[in-house]
Amino acid sequence: MNQDSYSSDQPTGQDPLVLLKTLQLLWTKQELGKLKEEIRRGFARLEDPLAGLLAMLESSSDWKGKGHSLGYCITTELQLWIKAHPAVPQSGTKLKKLQARVLGMLSQCPANLLDPLISIYQLHTADRNYLLEHVSHLYLQGNYKEAAILSIKLKLQPDQDVEKMCTPLLLQDKANLVEEYVAEYPELQRKLLQTLDMWCEPSFNIRDIIRPYQGLSKYNPEKFNRRVLSKLIFRLLERFNVDSALCPNVINQRHLRTLNYLFYKRFVEKTMTEENWADHIQSTVGENRWLQAHLVQSLLRHCDARGAARWAQHCQVPPEMLPQAVAEELQKLHIQDRVEEVTKADNYEASKKKDYYQLPIPRENIHFLQTWEETLQCWEKVLQAGQVVGVDMEWKPSFGMVGKPRVALLQLALKDEVFLLDLPRLLKQAEAEGEKEKLPHFIQMLYSDAAITKLGYGMSGDLSSLAATCSALKDTEKQMLGVVDLLAVDKQLQWGKDSRKVDGLSPEHSHEERGVRQPEKGLSLLVQHVLGKPLDKTEQLSNWEKRPLREEQILYAASDAYCLLEIYERLCKDPESFGLGSDLTESLVGKQSKKPRAKKQLNKQEAPSPSGQEFQGPRTEPSRPPAPISPQEFSVVCDNMLQGLGRYLRCLGVDVRLLDNEDDHRKAAEIARQEGRVILTSGLPYQTVCNCNKYLKVSRERMKQLVESSRQVSGEHSAGCPGSQSCSVTVPVCDTAQPGCTPHSEQAEGTDQCRAAMGLAGDTVLQVTAIPPGVLDRAELTDFYCCTCCGKVFWEGSHFGRIVSQFQDVLVASGNTQSFYELS
């Protein structure tokens, strides 16, 4: 055995435990330099350094701790020393005995010691069956994590049952370790995905998996369900680039959720045109018989048997799969080669168009570009110094499927015309001509030219999708100059006067319409704010990859880009009337736009942090918020549209209950009532009620007085408030709004208040002007109910009846004389 020159005069055969005591003393004194020198000198004295290391580790508990320990220091120094002394490594029977000893230590070994010990004792050369037997022993002892880690280190996975090894890890919420276990083995990846997908079969009892592991430590049954498995499957499909056809069950379940969502948008929210809806139904269902059967059942619930029969005929669903009513209706239909999928919008739909923003340029000035020659003419007009360009993008909704959205349409709006670029076709044409960089080059020229003002709304999300469409554009966001993201302006307007913020419905709209039409948001709300009417968003969820585009899609896409020009022009012309600074133009477009932070964006109505230059207009300070509470004091129930938010709140310490995908909205109300939780939801039924359990009862006569007072004060003050929309009277009530409390002591406040309202406790404003004319004259109405949290006014009628029917299982009407409704 070779020895260091400085230890040649030392006798060999030193006791490793004596050496250990010397090293422990130096470790305690933290003399690391002397420690490493003594380790090297000590190994040179040992007759068998490999056996000596094991003796030292077995005699000390220090090495079992995480992080830097004396055992780790000794082991890594021996590893370096062996490299300088190649004659040291053992072989044959002696090495096998050492390997058997070290294997017994590895189950207790910290992660940072695994690789050094495996290397020193050449465990990769050990008998594979012996190693598998040892790992199996660890597994049977319940050391599932240790068994998996050792298998990964020794590359034993191909000889193991992937389902057996990964199931207890998944139950312990160790999905990352499962991913690492199969990371280098495509065949194991496919087997794992097939197993997980089998667990997602509707008829499969997930308890059959859990039963053998009931005594598992750190086992959390809430984290092991079909929804969690579904998300894991999609993550693995994307990470390992596996064909999703391998997992038909989870794909079908996601398509079914998409189908239910489309029915919700079309028949409940009524925010999707029939043509748009039909496109998505066709692409979602395809030739899948299981989904076709669900489609027919859903049509029966929302339409009639004839409508279901037409789709059944179109999809060629076998009669034996159809409900009897649909099968009978199918026989009555005339045989035809193709059933019309799309019907023209009725007169009612057409009449609603007048309520929305209208494109001010003629149709012939909207150009749909699919060839490079046409696109060159577009760029000649767009890439001019001093030009102002509205930029928007559209892509096919993913409905939660794998992958980032890819831009299908790029809209560029100028003062007199709009260009719609068929991005997929143009990129494909350029690539076929061997010039795939020319279109990205022009787009980069546009965004990086400080002399051209680019307008957008939530541009960070658009550019993220643009980068996913064309990798050459991934750095566009970092090179932007002369960019104005109107989302920044919109956020500033949030601090404007109360009269500036509306809920998307003019006062003249009936209360019945408020139960159907959704409140405006995002760009649509900004357009209504500035230009007077909102955007018609019924084509927002169109299939933008389908060609040819429908006329409604073309007009929608052009409007989305052109309205940015009109908003910008109006704000620059008269910023003060919108509560903005007079130097708006100077502050909106500086010499260099700020670099935005890219964030994941699901749709343009919910844009992330704004990119581009923010303006520096003055803000009106908001009213003082209530005292904050700690996350531990807050308990909520999240519906199945806000599961991601719920998990994030859990990380912050909030007590969160999550609904499953199959749960109805009413279950959230049941849980909230039983456990005193706040409901967090994006569901339509809850948008028409309040998250409050105290309602102030006001008689019809008293409400008439309040409405009349607010109108009189509004008329008197309007002359003294130039430019104001309305003035108000504030009527104080009890210090705290309690059941049975009645309003008293009307008192008009100063002319600087521009709110048609009645004040409740704190800053709550009673929305008396929202009561349509004629309601107060209805003799059958004796009382109104006012929410003490948000100020909404309710009364018994058809709308009230719908809400009661939606929540009849959880709505509790108190029978005492205070007579308030409690919804919790």
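Predicted model: local features only at pLDDT ≥ 70, side-chain atom pairs only at ≥ 80, totals over all residues.

Biologist: What share of the contacts between residues at least 6 apart in sequence join residues at least 24 apart?

Modeller: The share is 69%.

Biologist: What makes Phe43 and Trp81 an aromatic pair, and why is the pair called tilted?

Modeller: The ring centres are 6.2 Å apart, and the limit for a pair is 6.5 Å. Stacked needs under 30 degrees and edge-to-face needs over 60, so tilted is the label left.

Biologist: Which parts of the chain does that pair tie together?

Modeller: Phe43 belongs to helix H2 (residues 32-45) and Trp81 to helix H4 (residues 70-84), so the pair links parts 38 residues apart in sequence.

Biologist: How do you know whether Phe43 is buried or exposed?

Modeller: Buried means under 20% relative accessible area. Phe43 has 0%, so Phe43 counts as buried. Trp81 has 3%, and is therefore buried as well.

Biologist: Why is the pair of Trp372 and Phe442 called tilted?

Modeller: The angle between the planes is 55°. Edge-to-face would need over 60 and stacked under 30, so the label is tilted. The centres are 5.8 Å apart. Trp372 is in helix H20 (residues 372-382) and Phe442 in helix H22 (residues 438-448), so this pair joins parts 70 residues apart in sequence. Both residues are buried.

Biologist: How many aromatic pairs are there?

Modeller: The count is 10. Phe263, Phe267, Trp277 and Trp311 also make up one aromatic cluster.

Biologist: What makes you say that a charge sits over the ring of Tyr139?

Modeller: The charged end of Lys164 is 5.1 Å from the centre of that ring. The cut-off is 6 Å, along with an angle within 35 degrees of the ring normal. Arg254 lies over the face of Phe234 in turn, 3.8 Å from the ring centre.

Biologist: Which residues have the most contacts inside the largest nonpolar core?

Modeller: They are Ile74, Leu117, Tyr121, Leu196 and Phe224, in a core of 84 residues. Helix H13 (residues 226-240) contributes the most to this core, with seven residues.

Biologist: What does Phe224 touch, leaving aside neighbours within four places in sequence?

Modeller: Phe224 contacts Leu170, Leu171, Trp199, Ile206, Ile209, Ile210 and Leu229. Another core lies apart from the largest one.

Biologist: Why is helix H10 called largely enclosed?

Modeller: H10 spans residues 175-182, and six of its eight residues are buried, so the rest of the structure largely encloses it. The buried ones are Ala175, Leu177, Val178, Glu179, Tyr181 and Val182.

Biologist: What do the buried residues of H10 pack against?

Modeller: They pack against helix H8 (144-154), helix H9 (162-171), helix H11 (186-199) and H13.

Biologist: What makes strand E13 count as mostly covered?

Modeller: Strand E13 (residues 783-787) has five of its five residues buried. Asp783, Tyr785 and Cys787 are on one side, with Phe784 and Cys786 on the other. Both faces are covered.

Biologist: How do you know that E10 and E13 pair?

Modeller: Pairing needs at least two bridges. Strand E10 (residues 695-699) is joined to E13 by five, running antiparallel. In one of them, Val698 partners Phe784.

Biologist: How many bridges join E13 to strand E14?

Modeller: Two bridges join E13 to E14 (residues 793-794), again antiparallel. Two is enough, because the rule asks for at least two. Tyr785 has Phe794 as its bridge partner in E14. E13 and E14 form a hairpin with five residues between them. In the turn, Gly791 has a positive phi of about 85°.

Biologist: Is Cys247 buried or exposed?

Modeller: Its relative accessible area is 0%, so Cys247 is buried. Cys315, at 11%, is buried too.

Definitions and conventions: Residues numbered from 1 in each chain as written. Heavy atoms only, no water. Phe/Tyr/Trp six-rings, centres within 6.5 Å; stacked < 30°, edge-to-face > 60°. Helix = DSSP H or I, 4+ residues; strand = E, 2+ residues; numbered from the N terminus. Buried < 20%, exposed > 50% of the residue type's maximum accessible area, 1.4 Å probe, protein only. Core = buried A, V, L, I, M, F, W, Y, C linked by side-chain atoms within 4.5 Å. Contact = heavy atoms within 4.5 Å.
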